[in-house]
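The sequence and the structure come first.

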Amino acid sequence: MDGVVRVERAGRQSIGDAEFDGFVKLRPEGERYFACGERTAGLEKTGTRQVFWNVDPPAGHTASFNNLYTSIPFVLCLHEGRAHGVFYDHPGRIELDLAKADPGRVTVEASDDLKVYVLLGPTPAAVLERYTALTGRTPMPPLWALGNQQSRWSYMDADEVRSIAAEFRARSIPCDVVYLDIDHMDGYRVFTWSDERFPDPAGLIASLREDGFRVVTITDPGVKVDESYDVYVTGRDGGFFCLTADGEEYQNVVWPGMCAFPDFTNPAVREWWGAQHSVLTDAGVAGVWCDMNEPAMFVPRQSTMPEDVVHPGGGRARTHAEVHNAYGSLMAEAARGGLARLRPDARPFVISRAGYAGLQQHALQWTGDNSSWWEHLWMSMPQLQNLGLSGIAWSGVDVGGFFGDCDGELLARWTEFGIFQPFCRNHSAMGTARQEPWAFGEPWESLCRAMLELRMQLVPYLYTAFEECHRTGAPILRPLLFDHPDDPVTYTADDEFLLGSSILVAPITRPGIEHRYVYLPAGSWAHWWTGEVIEGPAHILAHAPLGQPAVYVRSNTPLPLYPALQHTGEVPDSLTWRVFVGGSASGSSSLYEDAGDGYGPSCRRTAHVERDGELVRFTLSGREGSYVPPYPSLVEFVGHERVEVEETGQALVIERFMKNAD
Ligand code: MIG
């Protein structure tokens, strides 16, 4: 593969900008490290030791926790503005010392099966393109997956689900998806429905669908040991479960009680597991949520599978120690394959908690059980940025926090952040305060509504960013350093981020304050709420009262926006290119559109703004590709400068021109 070089186990080698002595990477002074997958603490990982071993961490993980649910042993290295990546490929335990023990070295501990690859730069974008060429790209999501999503452990029965959905519509709060957690099942038996609580899942899901909702259900890997349960019996008879070192079926306790665990390393097991999803798709379930797939065990408390458990693998047996970190990805792969076979015309939607490098091919990742703490709102930013730098671009944290009690201000601020996540879902644990957008009354409900409306406006912009990611591996929510590797100030600016390359977001993550420091890198930045233009690089103090998060857009760069729909199934009456006018630089952006699901035709247009003194020239290219969206395009100019607008694009209708000339 072009630009991907395997490192030899022994001997001195230089590969692009990187120098190795065997698997020891020699560190030039000043080289800095990022990525490493799902982490706590800040963006930069220079001078740390990183452990790669998937666990279900105890509740309330803090910055002192190292490894969480997924393991992606990939490091983005930056030195003097040039980037390269190093991928340590082995699905067992890996530990990396990133110049902690010795500032001159990066060292690795792993089994003999380890392979090491260098991904050449020189830009972070080139590194990510190569890394995802090697480990796989994020598939295109169905458009509905970009909408707002609502979950709770658990909405207990069909009536509660109906009433939650009805509240969203009655209160005009956008929502596309409702989740069913483990209580939809019969005694937590995976691929079953509770007769009492969900007597008619197909009827329920069909009526929600008429209101524009999709339903996603949870699945866990543990299969209840029960002679009268088909999934268990067929799994056992097929030899599909993991074994003890003595060759017995390996069993442990999870939600259903004593369980057996599928050996997802075996392709036949993945196929069998995938086929079980018909119980869900027959009822109209739109996607699946793979939980507990580290895998998590209850005995001993919060443990994982013992290392000597055997994965027969359909011929090539391996110990659990050898494949541990891959278990979650393999479960997600089985789910995705099942959905793709059961519904070949629909894009599969799979969420996973656990996984290994390459998980992005199979599923999006949510970051598991965070807490309703301001600290965890803060942590979400570096966490998602490092995931994005590690190939996992489709990601999100539980909005409002999972454990503990949220409150109105925390939910409002979390939603101000959450709408900029590639995956935007509010989820919370049993026994905690309810945190649906209306749970805390006013003004919080209106603040959440306004933010979710903004999310819906951003859908065309986000969808285009997803398509770029799908094609090139570029993260959607990305650190500033991804676009500005020449500017070392961006290396530490981890409490703000870019969404695509045109929008910068700097959330407030403390209660009671409405100002914060923001770093704007090179370029000309317009404030979303006032249109005021600031030339970067600049350190500024932003005023961000509730309802007006600090959001900046590259000026003269057209942003494609929808009206604020209630769900993505509504057909917008138009698409608007909003241009924040300011500065002299020109700007371009593209728009990707298709039917929003399936694998049919698509189209792309490019919008371009040029400045010529007071003149603003907007041009819109014709469509490349045969998809024709069912709505016209408009252009809207926002700004404080005195400008003249020249109309040159053919398909262009200028509807609004907000000129604030005085
Ligand atoms: O042991 O299914 O991270 O999102 O709500 C807890 C119940 C199991 C953990 C998941 C969480 C989910 C919960 N699950």
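A pocket is, on a 1 Å grid over the protein atoms alone, an open set of points with protein on both sides within 12 Å along at least five of seven lines, whereas a cavity is a set of points where a 1.4 Å probe fits but cannot get out; lining residues have an atom within 4 Å of a point. A molecule sits in a cavity or pocket if more than half of its atoms lie within 2 Å of its grid points. In these terms, the space taken by the ligand is the second largest pocket.

The model is predicted, so local features need pLDDT of at least 70 and side-chain atom pairs count only at pLDDT 80 or more, while totals for chains, interfaces and linings use all residues. Residues are numbered from 1 along each chain as its sequence is written, and side-chain values use heavy atoms, with hydrogens and water left out.

**The ligand and its shell**

A residue is near a molecule if one of its heavy atoms lies within 4 Å of it. There are 13 residues around the ligand, and D181, D291, R353, D369 and H427 come nearest. By class, this shell holds 8 nonpolar, 1 polar and 4 charged residues, where Ala, Val, Leu, Ile, Met, Phe, Trp, Tyr, Cys and Pro count as nonpolar, Asp, Glu, Lys and Arg as charged, and the others, Gly among them, as polar.

| Side chain | Ligand atom | Distance |
|---|---|---|
| W255 | oxygen | 3.2 Å |
| D291 | nitrogen | 2.7 Å |
| R353 | oxygen | 2.9 Å |

Taken alone, the ligand exposes 350 Å², of which the protein buries 94%; these areas come from the Shrake-Rupley method with a 1.4 Å probe.

**Buried histidines**

Which residue does the side chain of H320 contact? The side chain of H320 makes a polar contact of 2.7 Å with the side chain of H324. H320 lies in helix α7, residues 320-323, helices (H or I, at least four residues) and strands (E, at least two) being DSSP runs numbered from the N terminus. H320 is counted as buried because its relative accessible area is 0%, with buried meaning under 20%, exposed over 50% and partly exposed in between (1.4 Å probe, protein chains only).

H567, placed in the loop between β36 (559-561) and β37 (575-580), is also buried, since its relative accessible area is 13%. A polar atom of its side chain lies 3.0 Å from the backbone nitrogen of G569.

**Backbone geometry**

Most residues other than glycine have a negative phi, and most peptide bonds are trans. In the loop between β14 (177-180) and α3 (201-210), Y188 has a positive phi near 60 degrees, and F191, in the loop between β14 and α3, has a positive phi near 65 degrees. Y188 is partly exposed at 26% relative accessible area, whereas F191 is buried at 5%.

The peptide bond from E294 to P295 is cis, with omega near -5 degrees, and P295 is found in the loop between β19 (287-290) and β20 (296-297). A cis peptide bond also joins V299 and P300, with omega about -15 degrees, P300 being placed in the loop between β20 and β21 (303-304).

Key
Polar contact = N/O pair within 3.5 Å; in protein donor to acceptor, adjacent residues only side chain to side chain.
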